[in-house]
Amino acid sequence: MFLWGTATAAYQIEGAVAEDGRGASVWDTFAHEPGRTRDGHTGDVACDHYHRWREDIGLMSGLGVNAYRFSVAWPRVQPTGAGEVNPKGLDFYERLTDGLLAAGIQPVPTLFHWDLPQALQDQGGWMNRDTARRFADYAAIVAERLADRIPLWITLNEPFVHMAFGHAMGIHAPGQALLLDALPVAHHQLLGHGLAAGALRAAGVREVAITNNCTPVWAASQEEPDVKAADAYDILHNRLFNDPVLLGEYPDLSAYAPTLDFIHDGDLETISAPLDALGINYYNPTRIAAPPPGEVLPFTDTGVTGYPTTAFGWPVVPDGLRELLTGLKARYGDALPPIHITENGCSQPDELTGLGTVEDQARIDYLRAHIDAVMAARAEGVDVRGYFVWSLLDNFEWAEGYHQRFGLVHVDFATGRRTPKASYEWFRERVAAQNTDT
């Protein structure tokens, strides 16, 4: 069965950050620090999904999707990231799971979507190897409650983005600007994935996946310095997180670290335990050139030009998704498990009309072209088994606060009112039609 779904993340939609025993996450801390998010926005209330989840399941049911990718908030389940479990937190995700199943929608949980418990960050966070072990403990706790009802589980969401934006550049929580010294964060996340995969299987989970944000990398020219820089970027963004999981080895990281002493014996065996699926999040290609003299990084991002852009300024290149998928198949061959597109979508300047509707034709065009790209990749032999739109709801878009709207459903953040957009109706019709063919 092909999974047609939508995706969200806990801190971006749940709200209720201080209710029912939830602990603080790094995003609670970060968003309340002056200057960290646009206009000082926080996820304190967000979409109030914690209280309005039944309404949101109703929206999914009306959409006709058969799957929903959400994330479990670690600090809602384990307020300090270790030790004592918060039963009310687990109860919430059990209610959500059972509500989805009653509506004929498969829950697809992601265990970590960047909201590390602040108490673990205070002990070093993902720079601390012990966090990987704590993550496996937490995975076991959630799976013990829900493994009997949920077949497919995702361990991590976009470990590259969490490393780069959260630890190397300081754009996201926890706000560290370590540059290349952030590399242990990549390894410890991957180690956490491997340990959590074992814990999930021990609890009876049937299918384990990881979600990586991947991008086709285009050299700015065919001159050797630009080609070499593009290869270096491809290693950092794509291969650093795919090779260890799929091949059991790291690519050549000499451009980034003189030593890899944070990798211990046996780590790669743990990380490369067999996967049942690979989640791919796609938004756009990346164009890379050789860096100017004196730069720390061995590449420079020149931006992709000549294409339409989203409200975020991201280039809209649907065929980049087909290129990415066929490239993964060519690179990894039989080592590549079935793929789910676990995020794909665009922000647009959506506004309610006087009639109370949102006419987001640009999003419809975006989704149509990207779904067509997925189907083209399938026709070329790539085993893609799911497509999840980012996102069901307009939500808290990290450092951009509430200024970027990605949802199929418009949210009035002052009242919480939900209004399906034109793209919601289009996607409902596309899913209904596609289900007759896949």
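**Exercise 1. Classify Arg428 by accessibility and describe its salt bridge with Glu429.**

Solution. At 31% relative accessibility, Arg428 is partly exposed; that class lies between buried, under 20% relative accessible area, and exposed, over 50%, with a 1.4 Å probe and protein chains only. Glu429 is also partly exposed, at 48%. The two side chains meet in a salt bridge, 3.9 Å from N to O. The criterion is a side-chain nitrogen of Lys or Arg within 4 Å of a carboxyl oxygen of Asp or Glu.

The model is predicted: local features need pLDDT of at least 70, side-chain atom pairs count only at pLDDT 80 or more, and totals for chains, interfaces and linings use all residues. Residues are numbered from 1 along each chain as its sequence is written, and side-chain values use heavy atoms, with hydrogens and water left out.

**Exercise 2. Find where the salt-bridge partners Asp394 and Arg405 lie, and state whether each is buried or exposed.**

Solution. Start with the distance: the closest N and O atoms of Asp394 and Arg405 are 2.6 Å apart. Both residues sit in the loop between β11 (384–390) and β12 (409–411), 11 residues apart. Strands here are DSSP runs of E, at least two residues long, and helices are runs of H or I, at least four, numbered from the N terminus. Next, the accessibility: Asp394 is buried at 0%, and Arg405 is buried at 15%.

**Exercise 3. Describe the largest nonpolar core and the contacts of Tyr93.**

Solution. A nonpolar core is a set of buried Ala, Val, Leu, Ile, Met, Phe, Trp, Tyr and Cys residues joined through side-chain atoms within 4.5 Å. The largest one has 137 residues, and Tyr93, Met163, Tyr387 and Phe427 have the most contacts inside it. Helix α10 (residues 224–247) contributes the most to this core, with 10 residues. With residues up to four places away in sequence left out, Tyr93 touches residues including Ala10, Phe70, Val77 and Leu146; contact means heavy atoms within 4.5 Å.

**Exercise 4. Describe the surroundings of Thr42.**

Solution. Thr42 lies in the loop between α2 (26–31) and α3, and at 15% relative accessibility it is buried. Apart from neighbours within four places in sequence, Thr42 contacts Tyr11, Ala31, His32, Phe396 and Tyr402. The Thr42 side chain reaches the backbone nitrogen of Asp44 at 3.2 Å. Asp181 is 139 residues from Thr42 in sequence and 28 Å from it in space, C-alpha to C-alpha.

Note on methods. Polar contact = N/O pair within 3.5 Å; in protein donor to acceptor, adjacent residues only side chain to side chain.
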